[in-house]
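Open the model in your viewer and keep the selection tool ready. We will go from one stop to the next.

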Amino acid sequence: MKAYDIVIVGGGPAGLAAAASAREQGIQSILILERDKELGGILNQCIHNGFGLHTFKEELTGPEYAGRFIDKVKELGIEYKLNTMVMDISHDKVVTAMNREDGMFTIQAKAVILAMGCRERSRGALNIPGYRPAGIFSAGTAQRLVNMEGYMPGKEVVILGSGDIGLIMARRMTLEGAKVKVVAELMPYSGGLKRNIVQCLDDYGIPLKLSHTVVDIDGKERLKGITLAEVGPDGKPIPGTEEYYSCDTLLLSVGLIPENELSRGMGVEIDRVTSGPVVNESLETSIEGVFACGNVLHVHDLVDYVSEEATRAGINAAKYVTAGEKAEGSKVDIIATEGARYTVPRFIRVDQMDDLLTVRFRVGAVFKDSYISVYYNDERVMHRKKPVMAPGEMEEIKLQKEKLQAYPDLKTITVKIEKE
Amino acid sequence: MAKEIKELTCIGCPLGCALTVEIDGGEVVKISGNTCPRGAAYAEKEVTNPTRIVTSTVKVEGGEKAFVSVKTKEDIPKSKIFDCMKDINKVTAKAPVHIGDVVLADVAGTKVAVVATKNVEAV
C-alpha cells in the first residue's frame, strides 16, 4: 500500500489552498484526489466575475481564481490524480480510490483533509407535485451545460429559489437569448447576495417574487409550464393566488448540501445544522488527524473565505503530521443561539488556537439594526451593531487567544443576535 | 435641478454595501455607506454612466475543450451588453488559448477587448 503524509480529497478551491499551505509548511508527501477531469472544482463553471477581491485585491472570474491556485499547486510540484473517485476512507485513514489507469487502490495517510465541497438540493427533496417531464434542472447543472458543455437547456425559463447560482443563471440565460420570466423564492427574503439581485435580476428587469413557490408542473414529455402560488407565513400556498407561467425550463436553486458520505463512512461526527463535520479551532474533525475545509464543512458565500479556511486546514494538518497532536487543553464550547444558527468551529481548545481566530456563522432570519453579541460564560464581551443581517450572508467574529486565556474559568462562548 | 438621493447596492464585491448617493444638479455631491474606494467609484459611475463587466464563453477550435470562458477586459456601458454578447457569439478562438489572451480586440465599438479567462491547450 502506498503511503502519503497528507491525502486531500477534492481538487477544488479548498483542496488546492490546503495543499499549497501544507507544502509551504514543509510537507513533501501530499496527494490530491480529484474526481473531475481537471483541477479547480466548481469554479470552472462559475465564469462570472467577482471572485478574489479579498485574496488577490482584484476582481477575477471563477476560472481565473482557480487558475491562480492551480498554478501554485503545479509550481510547488504537488502530486494530484484526476478522474479519481474516492470510494471509502477508513477510521485509520486508509483511503480507497479508483480510476481508469490505476484501477482500485488504497493509500495510507497520516492526515486527511476533507475538501469534497457540496451539491445542490434536488427536486426530490422539495416534493413539488406534478409530472416529471424533461426541462427541470438544478441551477448548477444548467450552469455546467451552458458554460462548459455549450448547450442551452431551454428558451423560456422560470427559476425557483433565489440562491446565488439561480440568480447568476438568470443573467446568464438572458445573455444567451433565453427569456427568464420570473425568479420565485419561498422565503420572504432572498437566499442570495444583494449584489447578485442588483446585477443579475434588476439589470435585466427580471421579477423576483418573494414568498412564492411552484405548486404544479405542467407537461408530460417536456415541461410546458408551471404554476406559482404565494405562500403564507406558515409556508403553505394560499388558495386563489395561483398564477400560470408557460416555460420549457425550470431551474432549481434551492440550497446546497455539504457532500459528507465519505466523512460519515469513516465515522466523523456531523453537525445537524451545517450538515458538515463538527470541527475544533484547528478545523479538525472528531477523528484525530482528519481535517475539513470549504463547502464540505459549511456552505460559504465567498470563495475567498474558503481559501483562507483551507489554508488554515493545510497548516494544521502539516502541524499534526510533523508534531503529532498535543494532549487536549481545556475545551471551550461555542454556543450559537437566539438568531445565530451555528458556528464554525463549534468548540475551541484555547491552548491550540492561533492568536486571532475567526469564527464564522449564519443567522436564521433577516435582522435589521441588530447586534452581534458574544458572551464569555454569562458576561457580554462584544456587542457590534449591523444594519442588516440575512441568512444568505455569512457573519464572523474574531476571538483573541490572549483574552480567552486571561478569562477566569471560561467554559462557554455564546454568540447571539440581540435587538439592543 | 433639485437635490436627489439615490439608494444603491454596491456590486464591487460580495459585501454588497448599501450606498447612498446625493446628487445636486446632475453632480454627485456626497456618497456614503461604502467601505472602500471602489464603492464610491461604483456609486458615481452608476448614477452617471452605469457599466458592467460581461462574461461569457467562446468556441475553441483544435483545443482540449470545445469552449473557453471570456470576459470584457474592462467594464462596458450597460446599454452595450447585448451588442457585446452578439459580437462574442460570432468569435471562434484557436487553441492554444491562455488566460489574458485577447480573443476580440474591440467589442461592440467600445474599444474594450474580450480576453480569455481559462487555459485551453491545443490537442
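Start with the lining of the largest cavity: by class, this lining has seven nonpolar, six polar and three charged residues. Keep in mind that you are looking at a predicted model.

Now select the residues nearest the cavity centre. They are A:His48, A:Arg171, A:Leu175, B:Ile53 and B:Thr55, out of 16 lining residues. The space inside is about 110 Å³. A search of the whole structure finds four cavities of 30 Å³ or more.

Which helix gives the most to this lining? Select H5(A), which supplies four residues.

Next stop: the interface. Colour the two chains apart. Here 27 residues of chain B are in contact with 31 residues of chain A. Together the chains bury about 2,500 Å², with 56% of it on carbon and sulfur atoms.

Zoom in on A:Glu64 and B:Lys71. Their side chains form a salt bridge, at 3.1 Å from N to O. The count of salt bridges between chain B and chain A is five. Polar contacts between these chains come to 13 residue pairs, both residues at pLDDT 80 or more.

H2(B) gives the most, with four residues. Finish by colouring this side of chain B by class: 12 residues are nonpolar, nine polar and six charged.

Conventions:
Residues are numbered from 1 along each chain as its sequence is written. Chains are lettered from A and ligands numbered from 1 in the order in which they are written. This is a predicted model: local features need pLDDT of at least 70, side-chain atom pairs count only at pLDDT 80 or more; totals for chains, interfaces and linings use all residues. Side-chain values use heavy atoms; hydrogens and water are left out. On a 1 Å grid over the protein atoms alone, a cavity is a set of points where a 1.4 Å probe fits but cannot get out, and a pocket is an open set with protein on both sides within 12 Å along at least five of seven lines; lining residues have an atom within 4 Å of a point. Grid points are joined across faces, edges and corners, and a volume is the space filled by probe spheres set on the points. Helices (H or I, at least four residues) and strands (E, at least two) are DSSP runs, numbered from the N terminus. Ala, Val, Leu, Ile, Met, Phe, Trp, Tyr, Cys and Pro count as nonpolar, Asp, Glu, Lys and Arg as charged, and the others, Gly among them, as polar. Contact means heavy atoms within 4.5 Å. Buried area is the accessible area (1.4 Å probe) that two parts lose on being put together, summed over both. A salt bridge is a side-chain nitrogen of Lys or Arg within 4 Å of a carboxyl oxygen of Asp or Glu. A polar contact is a pair of N or O atoms within 3.5 Å; within protein, one must be able to donate a hydrogen and the other to accept it, and residues adjacent in sequence count only if both atoms are side-chain atoms.
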